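Hello,

I am passing a structure on to you, as promised.

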Amino acid sequence: MSAFIGTSNPGFAPFAMEELRRRWPDVSLSGLAPGETFKFVVSGADDRELAVQLRKDEPIFLRHLFPVREELEIPQQAEEVASALVRFAGSLADEVKDAKVAVQVRKSQDSPFPFSSAEARDLMVPALLEAGAETVSRGAKRIVSVYAAKRTLYLGLSAPADNLSDWPGGAVRFRREEGLISRAAFKLLEAEQTFDLPFERFTNALDLGAAPGGWTSVLLERGLRVTAVDPAEMDESLAGQPRLRHLRQNAADLNFAPGTFDLLVCDMSWDPHHTARIVKQLAPALSAGASVIVTLKLMYKKPMQTIADLLGSYEESFDIRRVKQLFHNRDEATVWMRK
Ligand SMILES: C[S@@+](CC[C@H](N)C(=O)[O-])C[C@H]1O[C@@H](n2cnc3c(N)ncnc32)[C@H](O)[C@@H]1O
């Protein structure tokens with residue numbers, strides 16, 4: 001039997017749970033932080049096997065998970081909580097020796113857990129150092145996870161890849177760069193990282209629904225030429241950019257020579273089915289093997305059905321590579337496809 005703590009974007013836990021139920025019909029599920037964090041138990045396979053299965057065929061809405069090694073009722077006294085954390089860290093000695101180890105601590109809003117994440121981490125670090133581990137915040141080979149819920153403390157140790165993300169709870173953070181045009185830029189930066197798709201690889205990009213220009217600015221920074229399409233104004237900081245052309249047009253009315261672009265990105269705020277029709281219409285303007293990144297707007301009540309319908313439609317023109325609800329996605333998911 002393997003128990004995990006799973007996390008999705010706020011409000012999307014029911015869909016993350018449904019994905020698990022479809023995969024493992026006898027999975028047992030219980031909510032911890034409503035809409036966001038839950039425990040799931042799968043019988044008949046070990047943690048590693050399940051993690052590998054999840055990595056190979058990655059769920060869309062499950063953003064992060066960690067295997068539960070130990071769970072205990074949260075003691076009333078802070079000292080007892082502290083000694084439980086220290087004891088758990090000490091119990092990992094054989095597994096963390098000579099490894100880079102990160103400690104990630106999260107808690108639900110209703111948890112009586114008496115420490116901040118940083119305080120809890122500081123309590124555990126000495127025991128890990130004593131065991132010969134090097135403690136780090138990024139680039140770890142092993143992650144010690146702590147999740148404090150309303151009554152229970154869940155503790156685990158895993159490889160970052162088995163957690164689906166090496167960020168605590170999958171909450172990817174970027175440094176707020178100077179002069180960032182829109183928060184939307186984070187979505188594209190996260191897609192680049194998640195899909196392992198360095199944009200420097202591309203030369204000529206088409207950005208549909210580009211205003212005010214967050215995505216465009218990321219692509220320009222990576223050295224690409226960008227054709228930005230949006231009836232709305234682009235941010236004035238982009239004026240005079242020699243590698244940028246702004247077409248103040250409806251994306252439905254575009255026409256380009258065959259094979260013009262090797263990257264199409266689209267964050268258009270429109271009915272996702274209309275958007276799919278437009279992106280598909282533009283397939284001839286892309287070179288063979290071109291990448292396409294689109295945010296799938298989940299404006300209808302049934303996000304799983306919407307995604308299934310949209311992928312069915314995109315599949316007619318593209319090879320679908322990955323679909324994921326990213327941490328920076330709100331009511332949407334992001335798809336990466338190839339022509
Ligand atoms: C969420 S914003 C895009 C933000 C942008 N990705 C950024 O990083 O700044 C959506 C944009 O889609 C544009 N849009 C909606 N329908 C469109 C259409 N049919 N053709 C072109 N642009 C459209 C809107 O004008 C709006 O500026």
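This is a predicted model: local features need pLDDT of at least 70, side-chain atom pairs count only at pLDDT 80 or more; totals for chains, interfaces and linings use all residues.

**Overall form**

The protein is built with nine helices and 16 strands. Along the principal axes, its C-alpha atoms take up a box of roughly 65 × 45 × 35 Å. Its radius of gyration is 22 Å, which agrees with a compact globule, because a globule of 339 residues would have a value near 20 Å.

**Around the ligand**

The ligand has 18 residues around it, and the ones that come nearest are G214, W215, D230, A251 and D267. Sorted by class, this shell has nine nonpolar, seven polar and two charged residues.

Which atoms of the protein lie 3.0 Å or 2.9 Å from a nitrogen atom of the ligand? An N or O atom in the side chain of N250 is 3.0 Å from a ligand nitrogen, and a backbone N or O atom of A251 lies 2.9 Å from a ligand nitrogen. On the oxygen side, a polar backbone atom of A211 is 3.2 Å from an oxygen atom of the ligand. As for cover, the ligand taken alone exposes 610 Å², and the protein buries 82% of that.

**The largest pocket**

The largest pocket has a volume of about 520 Å³. Its lining has 22 residues, with L164, S165, D166, T194 and R322 nearest the centre. Two elements give two or more residues to this lining: helix 6 (184-194) and strand 15 (319-324). Helix 6 has the largest share, with three residues. By class, the pocket lining has eight nonpolar, six polar and eight charged residues.

**The cavity**

How many cavities of 30 Å³ or more does the structure hold? There is one, and the space in the largest cavity is about 30 Å³. The residues that line the largest cavity are M268, P272, T275, V294, T295, L296, K297 and Y314. Helix 8 (272-281) and strand 14 (286-297) are the elements that each give two or more residues to this lining. Strand 14 gives the most, with four residues. Five residues of the cavity lining are nonpolar, two are polar and one is charged.

Best wishes

Methods. Residues are numbered from 1 along each chain as its sequence is written. Side-chain values use heavy atoms; hydrogens and water are left out. A residue is near a molecule or strand if one of its heavy atoms lies within 4 Å of it. A polar contact is a pair of N or O atoms within 3.5 Å; within protein, one must be able to donate a hydrogen and the other to accept it, and residues adjacent in sequence count only if both atoms are side-chain atoms. Accessible areas come from the Shrake-Rupley method with a 1.4 Å probe; for residues, only the protein chains shown count as cover. Ala, Val, Leu, Ile, Met, Phe, Trp, Tyr, Cys and Pro count as nonpolar, Asp, Glu, Lys and Arg as charged, and the others, Gly among them, as polar. On a 1 Å grid over the protein atoms alone, a cavity is a set of points where a 1.4 Å probe fits but cannot get out, and a pocket is an open set with protein on both sides within 12 Å along at least five of seven lines; lining residues have an atom within 4 Å of a point. Grid points are joined across faces, edges and corners, and a volume is the space filled by probe spheres set on the points. The radius of gyration is taken over C-alpha atoms; the globule rule is 2.2 Å times the number of residues to the power 0.38.
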